[in-house]
Amino acid sequence: MYEIVKKEWLHEVIFLIEIKAPAIAKKIRAGNFLVLRMREGAERIPITVAEYNREKGTVTCIIQVIGQSTKLLATLEEGDHIKDVVGPLGKATEVEKYGTVGIVSGGLGIPLANLVAKELKEAGNKVIGMVGARTEDLLVWEEEMSQYCEEMQYCTDDGSKGMKGFTTHLLEEKIAELAKEKKKLDMVFTVGPTIMMKFVTQITKKHGIPTIASLNPIMVDGTGMCGACRVTIDGKIQFACVDGPEFDAHKVDFDELITRLAQYKNQEKVALDKYEKECGGKHK
Ligand SMILES: Cc1cc2nc3c(=O)[nH]c(=O)nc-3n(C[C@H](O)[C@H](O)[C@H](O)COP(=O)(O)OP(=O)(O)OC[C@H]3O[C@@H](n4cnc5c(N)ncnc54)[C@H](O)[C@@H]3O)c2cc1C
Ligand code: FES
């Protein structure tokens with residue numbers, strides 16, 4: 001059992017939890033993730049660690065409420081316990097001194113990219129954050145990631161913060177701006193909606209910029225046993241939970257991933273409807 005020592009709502013559908021998990025906090029690195037199971041018989045869900053505190057023995061996760069399991073997790077309060085927290089899982093980010101690195105993140109991207117930005121900065125890279133969301137209020141935790149980025153560029157679908165448009169526009173502008181100064185991005189790291197990562201990858205391929213994408217397939221066990229997280233990389237099958245979740249973006253079959261992510265939509269809706277009926281809408 002893992003105690004929630006802090007809980008804070010950052011937006012009406014996004015909350016932060018700090019979990020007491022000393023063994024995980026000791027080893028966690030950027031790129032790793034956890035698998036949480038809220039109670040006996042509940043679904044397992046993969047969640048990234050947005051920050052950790054090795055001294056306190058805690059890990060911080062930021063969660064967007066979208067379906068049955070994230071709604072169930074949202075009902076837990078400070079002092080409550082999560083039945084299982086397994087991790088660190090997956091391969092850690094390959095951090096080295098690349099030079100100038102662009103981090104392109106969207107959706108719940110900032111918390112997902114925070115530790116990557118931190119470790120890249122610590123390795124001596126110049127980190128440029130290019131971050132997008134539908135509206136300004138969904139850009140949670142921006143001040144955290146800003147401390148690791150020399151520059152933060154924002155965009156929103158409605159123009160409420162930064163450029164009105166998508167992260168791909170930010171990336172193209174940054175590449176053009178650097179080119180005028182005879183400079184370039186030496187590496188791009190991208191995390192967020194799969195469709196966004198697909199288009200980011202098309203741009204970086206065109207400009208010959210090595211790119212790492214953090215993939216988000218459906219995961220069940222998180223240990224390479226069930227096959228749920230199968231992705232195709234360079235024509236070969238890989239399991240994102242053990243071989244990734246970060247891969248050379250130029251080799252990822254994004255169209256297959258997009259199709260696979262959509263295949264359980266009906267079951268997810270049925271599960272959510274059943275849960276809402278059972279709990280009588282008591283969750284937030
Ligand atoms: C490596 C990794 C790290 C992640 N980190 C975070 C994070 O830090 N914060 C966060 O809010 N979300 C994160 N996610 C996504 C999170 O796992 C899903 O939002 C969650 O599982 C949805 O469950 P649900 O029952 O609430 O929604 P559902 O209604 O079951 O599903 C809604 C959508 O969530 C995705 N999803 C559902 N089940 C899974 C699953 N078992 N594995 C992966 N994706 C699933 C699918 O795209 C699905 O269409 C991460 C996913 C991966 C793969
Ligand atoms: S989640 Fe089961 S093999 Fe990756």
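Q: What is a salt bridge in this predicted model, given that a salt bridge is defined by a side-chain nitrogen of Lys or Arg and a carboxyl oxygen of Asp or Glu, and how far apart are the closest N and O atoms of E181 and K183?
A: A salt bridge is a side-chain nitrogen of Lys or Arg within 4 Å of a carboxyl oxygen of Asp or Glu. E181 counts as partly exposed at 43% relative accessibility, and K183 is likewise partly exposed, at 47%. E181 and K183 form a salt bridge, and their closest N and O atoms are separated by 3.3 Å.

Q: How many salt bridges does a search of the whole structure find?
A: One of the pairs is K7 with E77, whose closest N and O atoms are 3.4 Å apart. Another is E40 with K83, for which the corresponding distance is 3.6 Å. When the whole structure is searched, the number of salt bridges found is 17.

Q: How many residues apart in sequence are the parts that the pair K7 and E77 ties together?
A: The salt bridge between K7 and E77 has its closest N and O atoms 3.4 Å apart. K7 belongs to strand 1 (residues 2–11), whereas E77 sits in the loop between helix 2 (68–74) and strand 7 (81–82), so the pair ties together parts whose separation in sequence is 70 residues.

Q: Is K7 buried or exposed?
A: Buried means under 20% relative accessible area. The relative accessible area of K7 is 11%, and K7 is therefore buried.

Q: Which residues gather with E136 in a patch of negative charge on the surface?
A: E136 lies in the loop between strand 10 (126–133) and helix 4 (142–146), and with 39% relative accessibility it counts as partly exposed. The residues that gather with E136 in this patch are E12, D137, D157 and D158.

Q: Which side chain does a polar contact join to that of T211?
A: T211 is part of strand 14 (residues 211–214), and its relative accessible area of 2% makes it buried. The polar contact spans 2.8 Å, and the side chain at its other end is that of T204.

Key. Residues numbered from 1 in each chain as written. Chains lettered and ligands numbered in written order. Predicted model: local features only at pLDDT ≥ 70, side-chain atom pairs only at ≥ 80, totals over all residues. Heavy atoms only, no water. Patch = residues over 30% accessible without salt bridge, like charges linked within 9 Å, V, L, I, M, F, W, Y side chains within 5 Å. Areas by Shrake-Rupley, 256 points an atom, 1.4 Å probe, with all protein chains shown as cover. Lys, Arg positive; Asp, Glu negative; His and termini not counted. Charge placed at Lys NZ, Arg CZ, Asp CG, Glu CD. Helix = DSSP H or I, 4+ residues; strand = E, 2+ residues; numbered from the N terminus. Buried < 20%, exposed > 50% of the residue type's maximum accessible area, 1.4 Å probe, protein only. Polar contact = N/O pair within 3.5 Å; in protein donor to acceptor, adjacent residues only side chain to side chain.
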